[in-house]
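Reader: I am new to this structure and would like to go through it in questions and answers. Please show it first.

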Amino acid sequence: MRARTRLCQHASGDVLEIGIGSGEGLEHYASEVRLTGIDVDPQAVEAARLEAQRLGRSIVVVEGDAHVLPFPAETFDGVVCFRALCEVANEAIVIEEALRVLRRGGSLLLVDHVASSWWPVRIVQQAMDRMVAPSTGEFRARRPIQHIRRLGAEIVESQRSWAGLTEYVWARKPQTAPDLPDPGHSSTERMRLKSEPAEVEDWL
Ligand SMILES: C[S@@+](CC[C@H](N)C(=O)[O-])C[C@H]1O[C@@H](n2cnc3c(N)ncnc32)[C@H](O)[C@@H]1O
């Protein structure tokens, strides 16, 4: 099954797609899903709206930064992010935001480029992330699942592709709020942290 299909099949109810791009994923959601998309790029927002029109699908697409999601806490039943965490400035802050806007028991669904499980490949990826990614904005040596675990969300399912280059993660926000530490960052603080690299524990 294609990664995108797999991701979207677990999305139900009110769903937010972070970094929706040109809306390539729209046709993979069930018709009952009430979809909201967000993207920092105004051209992507326009393209996603046009794609929704073409498909005859009613969705809300907003222009905005995933580090400061413009939604109240516990707004969505599902948050989807397909190959966008590798492009944000600080993936840890974006994951905190995704969990904040999720309702308890809601699903966080990710597919992304990640650091390889083969150390020679990983060393090259890490060097590229240090030297090239700050200008291209495309990071390849990240490991979002570590941040998800740190924040106390339950991993329902995860799978890595060949050489571990891509990772699929289905996580759930705990039903009991105290299980999930409140990130406690104000929006100003999140914007400041955005410019700092995310801290990753030793996961190699
Ligand atoms: C590789 S594209 C993937 C698009 C879409 N998810 C797909 O699979 O077709 C990454 C998207 O993330 C968006 N993006 C990057 N940084 C973002 C941020 N801080 N907030 C919101 N969107 C962002 C980009 O504008 C781009 O549209």
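**A residue, the sheet and the chain**

Author: D41 is partly exposed, with 15 other C-beta atoms within 10 Å. A residue is buried if 20 or more other C-beta atoms, placed from the backbone, lie within 10 Å of its own, exposed if 12 or fewer, and partly exposed in between. This is a predicted model: local features need pLDDT of at least 70, side-chain atom pairs count only at pLDDT 80 or more, and totals for chains, interfaces and linings use all residues. Residues are numbered from 1 along each chain as its sequence is written.

Reader: Where is D41 found?

Author: Helices (H or I, at least four residues) and strands (E, at least two) are DSSP runs, numbered from the N terminus. In those terms, D41 lies in the loop between β2 and α2.

Reader: Which residues come nearest to the ligand?

Author: A residue counts as near a molecule or strand if its C-beta atom, placed from the backbone, lies within 6 Å of it. There are 18 residues around the ligand. Those that come nearest are G19, G21, D41, A66 and A84.

Reader: What is the order of the strands in the open sheet?

Author: Two strands pair if DSSP finds at least two bridges between them. The sheet has seven strands with mixed pairing, and their order is β3-β2-β1-β4-β5-β7-β6.

Reader: Which strands stand at the edges?

Author: An edge strand here has a single partner strand, so one side of it is left without a neighbour in the sheet. The strands in that position are β3 (60-63) and β6 (154-160).

Reader: How many bridges join β5 to β7?

Author: Strand β5 covers residues 102-113 and strand β7 residues 166-172, and they run antiparallel. In β7, R172 is the bridge partner of S107. The number of bridges joining β5 to β7 is seven.

Reader: What share of the residues of the chain count as buried?

Author: The chain has seven helices and seven strands. Its radius of gyration, taken over C-alpha atoms, is 16 Å, close to the 17 Å that the globule rule gives for 204 residues, so the chain is as compact as a globular protein of that length. That rule is 2.2 Å times the number of residues to the power 0.38. Of the 204 residues, the share that count as buried is 41%.

Reader: How far apart in space are D41 and M191, C-alpha to C-alpha?

Author: In sequence, D41 and M191 are 150 residues apart. In space, their C-alpha to C-alpha distance is 17 Å.
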